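Colleague: Can you take me through a few strands and a helix? Please keep it brisk.

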Amino acid sequence: MERLQKVIAASGYTSRRKAEDLIVQKRVRVNGEIVSELGYKVKRGDLIMVDDKVIESENKVYFVFYKPKSCICSLKDEFNRKCVVDYFEDIKERVYPVGRLDYDTTGLLLMSNDGEFANLMMHPSSHLEKIYEVTVNGLVNGNTLHSLEKGVYLEGVKTLPCKIKVTSKDIEHKTTKLMIKLVEGKNRQVKKMFEMMGHNVKRLHRLSVGGITLNQLRPGEYRILKPQEVKDLKKLALMKKNRYKK
């Protein structure tokens, strides 16, 4: 059994907060009876109606999306910029980004309509491994790598240890290409880490999250996550979460 407002929100009809307002306003009926109690729980098969419109449960869907450049991780944008959901117009379910990538950052982004899945993936204690390919200005030396791998202070908080590997250096243009593997996902973390060491990021691309990769996807394309992949992601996140609790 689940709370009524959660079921309404999961259907894609509206947000959970607005669903709660609808219940309080006595605009929701369950099996023909008005329900105004926010803690009310419904079971599978119950007939739920909002303003005489039947609420149908929405299938949970999960996608791997190759986020292109010049695209924001939002449902809409006041400046009419391209949003990630614009690439899912052929999907009947209302999906949203699980986490975020900056406007100019490309790569793997999970998309879903499963709120519990999204919260689990994004929770700081889940510590899902993320791998990025990054190109920075300047020739990065060993001391810088060592400092970043041990952890640096960003806004007074030290980053967790990570692994970084230099993949190439362009002596002529004075740039360095690296691979960085970390288990955090704070806002603009990778960019801030390198910037504080004097290396501005020119390009940032996310290759994987929790072992899930883009495979052969091209920018703007997506694929359905296999049921086993979804199961593995949940299992991994819960395992990491429980480990760091101890």
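**Strand partners and a helix residue**

Colleague: Which residue in β15 is the bridge partner of Thr 106?
Modeller: This is a predicted model, where local features need pLDDT of at least 70, side-chain atom pairs count only at pLDDT 80 or more, and totals for chains, interfaces and linings use all residues. Residues are numbered from 1 along each chain as its sequence is written, and side-chain values use heavy atoms, with hydrogens and water left out. Strands (E, at least two residues) and helices (H or I, at least four) are DSSP runs, numbered from the N terminus. In β15, Thr 106 has as its bridge partner His 205.

Colleague: In which sense do β9 and β15 pair?
Modeller: Two strands pair if DSSP finds at least two bridges between them. Strand β9 covers residues 106-112 and β15 covers residues 201-209. Their two bridges are in the sense called parallel.

Colleague: How many bridges link β10 and β15?
Modeller: Strand β10 spans residues 130-137. Ile 131 stands opposite Ser 208 in β15. The two strands pair in the antiparallel sense, and the bridges number seven.

Colleague: Which residue in β16 is the bridge partner of Ser 208?
Modeller: Strand β16 (residues 212-213) runs antiparallel to β15, joined by two bridges. In their hairpin, with two residues between the strands, Gly 210 takes a positive phi near 55°. The partner of Ser 208 in β16 is Thr 213.

Colleague: Is Thr 144 buried or exposed?
Modeller: Thr 144 lies in helix α4 (residues 142-150). Buried means under 20% relative accessible area, exposed over 50%, partly exposed in between (1.4 Å probe, protein chains only). Thr 144 has a relative accessible area of 9%, so it is buried.
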